[in-house]
Each structure stands twice: as structure tokens, then as C-alpha cells.
Amino acid sequence: MKKSVILLVLLAAIIFTAGCTEESQENSTSTQAIKEGTGVIEATEPEQNATLQETQEEGGVVEVTNLEQINTSIHQGPVLMKIGSERCGPCNAMKPMLQELATEYEGRARVISVDIDRSHELAVYFGIGYIPDSTVIVGIKDGKYIYMKPDGSVTTDRLQARILGATEKGVLEDVMNHALIQAEKNKS
């Protein structure tokens, strides 16, 4: 079992760097669930805060390497998640825009970045087949992430909500604004 997972991760890394086609993966929300396909495990609050502090980048964009970091960010509001690679030109071109969005939405939402070369498990978990790949996560329900679709509706199917390729800032702002409206509705 472990050998097949390692081979899958290595194969996925080769496919991702080539910019190949997409592959689907089932969603759940824990590192343990990735390994075993069961349950939801969350880190304690001190562990989560320490983990996020260690990964904070200048300008407000947070580099994450595990699901616990994502879960912590979601508890603080909507999360714009960009998945890419340092070796990806379009991914690097998005960095200044992500910095601007992190500043613009500071205190209301978070901007996180996942590097598939540093976190193969997250790449496999989120079913990444093309980068850059962005989504906005607005919560967790029944052990699954809830994603904001560009039209303002929500889904637990990330494939329906993702934004592929380098995109204009306005597109991401629209989805983030929908997510903030949804967050306000959830508080009521």
C-alpha cells in the first residue's frame, strides 16, 4: 500500500510539472484521512497557531504544507487557495496579485499558497492535474470542504469551484466577495 502511494505521488509530481490534464480526487479534511481514508483529525489550537506562524510569508500570503494549516485558516474566514509550483511561470506571475489580495482582504479572509513540490500529499488530495489552480474555501461541513463557485453558489465538489490558470485579479476578487457574503450569512 505505501509503495503504491509513493509511486502515485512521484507520478503525480511528474504529471504536474508537465502541466497535464486533470484528475479527480475525493475530498475530506485531514492528513490522516489522506493516509487512511477515514475520519477527521484536527490539530489543537496551539499546534495550529504555531504551524501558521511558522509558514507566514511577507505580504500576508501563507505557504501551507498540510490540511491542519488550511483548517486553521478556514476558522478565521474564507480562504483563497492557490496551488502551484516554483517552477511554474504562470504561478510565479500570480505572486504579486496574491500579495495584493492578501493585503486587500487582511482581517476578513486569508490567501494561502500550496507548492506541489513541497507538499505532494496536498497535490494528490486536491486532485491537481493543472497549475495554477485556485479555489476559495468557505467552510467545512460533514468533514468536507465547502467551496465558493465563481457564480456565488457553494459546493463540496472542488472540481466545480476551481479557477484554472493564471487569471485576472477581478475574477478572484469576485469569488472572494461572494465568499465574504456567504460568511456573513453563516454568522446569522
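**Strands and cores**

Modeller: Strands (E, at least two residues) and helices (H or I, at least four) are DSSP runs, numbered from the N terminus. This is a predicted model: local features need pLDDT of at least 70, side-chain atom pairs pLDDT 80 or more, while totals for chains, interfaces and linings use all residues. Residues are numbered from 1 along each chain as its sequence is written, and side-chain values use heavy atoms, without hydrogens and water.

Biologist: How many bridges join strand 2 to strand 3?

Modeller: Six, and the two run parallel. Pairing takes at least two DSSP bridges. Leu80 stands opposite Val111 in strand 3. The chain gets from strand 2 to strand 3 through helix 5, a right-handed β-α-β crossover (clockwise from the first strand over the helix to the second, strands pointing away from the viewer).

Biologist: And which residue of strand 3 is the bridge partner of Glu63?

Modeller: Ser113. Strand 1 and strand 3 pair in parallel over four bridges.

Biologist: Switching topic. Which residues touch the most other members in the largest nonpolar core?

Modeller: Ile70, Met81, Phe126, Ile137 and Tyr145, out of 23 residues. A nonpolar core joins buried Ala, Val, Leu, Ile, Met, Phe, Trp, Tyr and Cys through side-chain atoms within 4.5 Å. A second, separate core has 20 residues, including Leu98 and Met176.

Biologist: Cys91, buried or exposed?

Modeller: Buried, because its relative accessible area is 0%.

How values were computed. Buried means under 20% relative accessible area, exposed over 50%, partly exposed in between (1.4 Å probe, protein chains only).
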